[in-house]
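Hi everyone, thanks for coming.

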Amino acid sequence: MSHIATIKTALKDIAAIKAAGAEFGMVFNENKTVCHYYSNQTVPSTHTFTVNGTKMEVGLVLQPDGTYTVVADDMLLYEGNQPYNRTRFGCATNPLANSMGGFMQRYAVCKTEIEARKKGWMCKRVAQGAKMQVHVTGM
Amino acid sequence: MKTIIVTVAENGEVEIETTGFKGKACEAATAALEKAMGVKTNSKKKPEYRAEEKPRLSTGN
């Protein structure tokens, strides 16, 4: 090993954002500037995701520095035993995970694969418990 | 074999490790990836980082 770098992930690549959302079964709505959340309320957004099983959406808001922040109803963001999460997503816990951590994780994996393939490198996903690894070779 | 291992934690934090590189080649290989992922918060050099080829001394003979 030569070096280890730690990176705080920033959402800035729409292609990787789309790919990560697709892995959660979410449908990307480009340039949808109104994000719906609980009880037909809305919040401004740049793009949104339609979330399977609910009318509520996950919104992406472009910031001046070129990164995106996520806006969504608490129901979509918090992991736990709340029955509404199970109902909304049809599974035991919110797949997006606490504060969208699961989405950030998947985004980072997708972004790594996109960047590696731009250089003609090969990628292989390897599960490491709750962590996800991408092994990049071919350089 | 040169390999870049990207480990992503549950909160999305990324750790990028390189294996099989010697010297600064590892940094050149990962620089674009590190920049693309977000903001670098820490970087540690491994012993191999200093295993650059030593310049050959010329005796002039």
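First, a term: a residue is buried if 20 or more other C-beta atoms lie within 10 Å of its own, exposed if 12 or fewer, and partly exposed in between, with C-beta atoms placed from the backbone. Strands (E, at least two residues) are DSSP runs, numbered from the N terminus. This is a predicted model, where local features need pLDDT of at least 70, side-chain atom pairs count only at pLDDT 80 or more, and totals for chains, interfaces and linings use all residues. Residues are numbered from 1 along each chain as its sequence is written, and chains are lettered from A and ligands numbered from 1 in the order in which they are written.

Let's start in chain A. Strand 7 (residues 68-71) has a covered face with Tyr68(A) and Val70(A), and an uncovered one with Thr69(A) and Val71(A). In general, side chains in a regular strand alternate between the two faces of the sheet. Two strands pair if DSSP finds at least two bridges between them. Strand 7 of chain A pairs with strand 6 (residues 57-62) of chain A in the antiparallel sense, over 4 bridges. There, Val71(A) has Gly59(A) opposite.

Now over to chain B. In strand 1 of chain B, Ile4(B), Val6(B) and Val8(B) point to one face and are buried. And which strand of chain A pairs with strand 1 of chain B? That is strand 9 (residues 131-137) of chain A, antiparallel over 5 bridges. Across that pairing, Thr7(B) stands opposite Gln133(A).
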